[in-house]
Amino acid sequence: MHVIRQFVIAAGLSLGTLAPAHGTDLPDAPGRQQVIESCSQCHSIDLLAQRRSADDWSQIVSQMVGQGAKMTDEQFQTILDYLSTHMTPAKTPPAGKAGQ
């Protein structure tokens, strides 16, 4: 009985990581809703809100499609455009150039 209870607790915790994201940490811009609908099927908002380079996002989204993520070519491009535009590392001015 103890083993079953541990399994139920572990399963419940696992399901929590698959809960759909609400998108509160994602910038409000075209493509946001598509990212939420497509990516939060498996990923948390925390993962979606990570900052990565445009090249990294391209590889990641392509990998997800290769692993079975269902989306049209148009949805793929919308997601990639959104992530590459809004979810990349902030650009900072080179040292000594700030305020010039």
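Reader: Where does leucine 26 lie?

Author: Leucine 26 lies in the loop between α1 (2–17) and α2. The model here is predicted: local features need a pLDDT of at least 70 and side-chain atom pairs a pLDDT of 80 or more, while totals for chains, interfaces and linings use all residues. Residues are numbered from 1 along each chain as its sequence is written, and side-chain values use heavy atoms, with hydrogens and water left out.

Reader: Why does leucine 26 count as buried?

Author: Buried means under 20% relative accessible area, exposed means over 50%, and partly exposed is in between, using a 1.4 Å probe and protein chains only. Leucine 26 has 5% relative accessibility, so it counts as buried.

Reader: What is leucine 26 in contact with, leaving aside its neighbours within four places in sequence?

Author: Contact means heavy atoms within 4.5 Å. By that rule, leucine 26 is in contact with Arg32, Val35, Ile36, Ile45, Leu48, Ala49, Tyr82 and Met87.

Reader: What makes up the protein in terms of helices and strands?

Author: The protein has 5 helices and 0 strands. Both kinds of element are DSSP runs numbered from the N terminus: helices are H or I with at least four residues, and strands are E with at least two.

Reader: Happy with that. What makes α2 mostly covered?

Author: Of the 8 residues in α2, 6 are buried. They are Arg32, Gln34, Val35, Ile36, Ser38 and Cys39. These buried residues pack against α3 (45–48) and α5.

Reader: Why is glutamine 34 called buried?

Author: Glutamine 34, in helix α2, has a relative accessible area of 17%, which is under the 20% limit, so it is buried. Not counting residues up to four places away in sequence, glutamine 34 touches Cys39, Gln75, Thr78 and Ile79.

Reader: Why are α2 and α5 called roughly perpendicular to each other?

Author: The axes of helix α2 (residues 32–39) and helix α5 (residues 73–86) come within 9 Å and cross at roughly 110°. Axes are lines fitted to C-alpha atoms, for helices over the stretch in contact, and the angles run from 0 to 180 degrees between N-to-C directions. Angles under 35 degrees count as roughly parallel, over 145 as roughly antiparallel, 65 to 115 as roughly perpendicular and the rest as oblique. The angle of roughly 110° falls in the 65 to 115 range, and α2 and α5 are therefore roughly perpendicular.

Reader: Which hand does the crossing of α2 and α5 have, left or right?

Author: α2 passes α5 in a left-handed crossing. That word applies if the near helix is turned anticlockwise from the far one by less than a right angle, and right-handed applies if clockwise. In this contact, Arg32, Gln34, Val35, Ser38 and Cys39 of α2 meet Gln75, Thr78, Ile79, Tyr82 and Leu83 of α5. By class, that is 5 nonpolar, 4 polar and 1 charged residues. Ala, Val, Leu, Ile, Met, Phe, Trp, Tyr, Cys and Pro count as nonpolar, Asp, Glu, Lys and Arg as charged, and the others, Gly among them, as polar.

Reader: What makes α4 roughly antiparallel to α5?

Author: The axes of α4 and α5 come within 9 Å and cross at roughly 150°. That angle is over the 145 degree limit, which makes α4 roughly antiparallel to α5. α4 passes α5 in a right-handed crossing. Ala54, Trp57, Ser58, Val61, Ser62 and Val65 in α4 meet Phe76, Ile79, Leu80, Leu83 and Ser84 in α5. By class, this contact has 8 nonpolar, 3 polar and no charged residues.

Reader: Why is serine 58 called partly exposed?

Author: Serine 58, in helix α4 (residues 54–66), has a relative accessible area of 28%, which lies between the 20% and 50% limits, so it is partly exposed. The C-alpha atoms of serine 58 and isoleucine 79 are separated by 9.5 Å.

Reader: And what makes threonine 88 buried?

Author: Threonine 88 is found in the segment after α5. Its relative accessible area is 15%, under the 20% limit, so threonine 88 is buried. Leaving aside its neighbours within four places in sequence, threonine 88 is in contact with Arg51, Arg52, Ser53, Ala54, Trp57 and Leu83.

Reader: What pLDDT does the protein average?

Author: The average pLDDT, the predictor's confidence in each residue from 0 to 100, is 76, and 66% of the residues score at least 70. Over residues 1–22 the pLDDT is below 50. Where pLDDT is low, the predicted coordinates should not be read in detail.
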